[in-house]
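Dear colleague,

I am handing over the structure we spoke about, and my notes on it come after the model. Please read them alongside the coordinates.

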Amino acid sequence: MKRFRIWVGIAALLIFCWLLWHRAGREHAPGNKFSAGEGQHTGQNQAAGPSTPPTPAPPIAPAFPTDSRTSSHPVERAVALGAVLDVRVEPGGSLGQWTRIRLVQTEIQPRPVRVVEQWTEKAANGSWVCVGRDMFLADQLIIKARPQVAEARLGERLAQLGMRLERALGGGVFAVRLPEAKIDTTAAALRVLSSHRDLIESAEPDGVGFGAGIPNDSNFADQWALHNTGQSGGVADADVDAPEFWDIIESAPGVVIALLDSGLNLTHPDLQGVAWVNPGEIPGDGIDNEGDGKVDDVNGWDFVNNDNNPTDDHGHGSNITGIITANRNNAQGIAGMLSGVSILVCKILDSSNSGLTSNLIAATTYARLRGVSVMNLSLGNYPFSSTLSTEFTACDSAGIVLSTSAGNQGVNNDTTPNYPSSYTHANIIAVANHDRSDVRWAGSFNPSNYGLVSVDLFAPGSEILSPILGTSYSFYTGTSQAAPFVTAVAAAIKYVRPSWRAPQIKSSILASVIQLPTYNGLCSTGGRLNAVTAIANAIRQSPSLDADGDGFPDLFEYLAGTRVDSKGGRPAVVSEVVGGFLRLGVPRLARPEAHFVVETSTDLLSWSTTGVSDFSSASQLLGGIFISNASRGFLRIKPLSTP
């Protein structure tokens, strides 16, 4: 019995030693990683034979630069202003490369986003540079169903997977909502969908893009009229869609707007370079070079004091100018609606913000004779004047748009006229004021006038932040603030359609309003201004025109997502031969009112879509024709101003 116990003890010892050896070999086997605090190597080889060398400790993730709130990159700026909910950092494919993935709650999207960044180390000084930065919704995909797959069948299968068809995007493409928004939700969903190729042709994360995008002006978050995310109790998207407008057009160089108001603060940091410069005057020579009775009217004229210094001494005119064209992306203040325009300053209001009809008539004539395209008249409560009416008729004949404020007494202009907006000239656009909740502003201070016949549309006019005197900014409320939004859009339309006169410009704006029950019966259109639909409507009217002269028609650039005012950004057209097919393609956006087609021809005279195979994806139009020794042909991409 004693000998048996000895053997049992020896056997137990051998088993214990084997377990220790096995554990050591498993912990040091190649390919295993250690979590922090468990088996992390310290440089000593612990109980491992020569055939099982220790695994090196994983590299330590670098300390990347802090996100900047004033960055020119909109994704970085959005992250800096948001809250990071989760983060993961992984080594890249090469030494000195890393990938950082973050889940972020931002101010630009109501749902969490997934930000993927590629970082590389600069060998010269060891600093880190972000070479790629993309943003996606963390709980949404874009999928393209296979041909002949019914939407109902697709929805059923997705529901079984815990996903939901959010909405159809056209052409068998859908947005798919995922059940949660975590850092790996979209990646996991893509893996799941990869095993359902019988239904789904392609799937990808739903990206967040900017183009020109949200400017870095420090007070932009206060500009609900440009981009309403529901801030301060407002209704999301009750705005003019300025960021989307800037994706199409940011500037209108060469277009002159006359400001008939209290003057302009020429020294304000956010209004630098916006004033018109008279090409016919030599500044400071004390001579009336033009012979019009106004000496050195370099930037305009002060009709109140009858001199050449139209400096603002009240603030109202500077506030209006800032709404139209305050410097954008200068990391301070606010963003104006439209860059590049010139403001012809006509000071007709004094320091108490009041003025004479005579000065209004004189200023209107002065601006008309200088060939302006648009005038902003944020004025009200003038008495009727037949002389002014005659001058407005002359402006109408000259094709000049008069953007006017409807008044701030909360009355019906159909029965209680407000001049100058209540003149009946066809070139007048009368603008009422809506607030951030998408209703007529009817507060105790400056309630907006209205009128089914005498008021044309609504635009933002409540608590509008803009420059005033000195270097200051202030919130103003009134239809005075609503009119300049329309002015800016009219100027943008004039730029892309220079031959258009007031009737066409006005029609494009009024025909494209966002109609809502809240404006029913309060204005002739029953809606509010939308800058995107207005400029798009103008572009569609003349699809072959090319405003920036870059070789791509405006409609082509509108559909491809490049701006119509810049030669520097052209559509990325793809031409290639793949699998025996000559293929031609271009990026495209979802534009339900217009579309691209790929056409083919054998003689460059007659073109048709017959014979063109579709290789398109959700984000790219791509068509092709089969080519061989016996078959030749040509391809072209054509934009159509129809759905």
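Below are notes on helix packing and on cysteines.

This is a predicted model, in which local features need pLDDT of at least 70 and side-chain atom pairs count only at pLDDT 80 or more, while totals for chains, interfaces and linings use all residues. Residues are numbered from 1 along each chain as its sequence is written, and side-chain values use heavy atoms, with hydrogens and water left out.

Helix H9 (residues 479-496) packs against helix H10 (residues 502-510) at an angle of about 120°, their axes lying 10 Å apart; helices here are DSSP runs of H or I with at least four residues, numbered from the N terminus, and axes are lines fitted to C-alpha atoms over the stretch in contact, with angles from 0 to 180 degrees between N-to-C directions. The contact (heavy atoms within 4.5 Å) is made by Val-486, Val-489, Ala-490, Ile-493 and Lys-494 of H9 together with Ile-505, Ser-508 and Ile-509 of H10.

H9 also packs with helix H6 (residues 316-325), at an angle of about 40° and with the axes 8 Å apart. On the H6 side the residues in contact include His-316, Asn-319 and Ile-320, and on the H9 side Pro-484 and Phe-485 are among them.

As for the cysteines, a search of the whole structure finds zero disulfides (pairs of cysteine sulfur atoms within 2.5 Å). Cys-346 is buried (under 20% relative accessible area, with a 1.4 Å probe and protein chains only), at a relative accessible area of 0%, and Cys-523 is buried at 1%.

Best regards

Methods. Buried < 20%, exposed > 50% of the residue type's maximum accessible area, 1.4 Å probe, protein only. Helix = DSSP H or I, 4+ residues; strand = E, 2+ residues; numbered from the N terminus.
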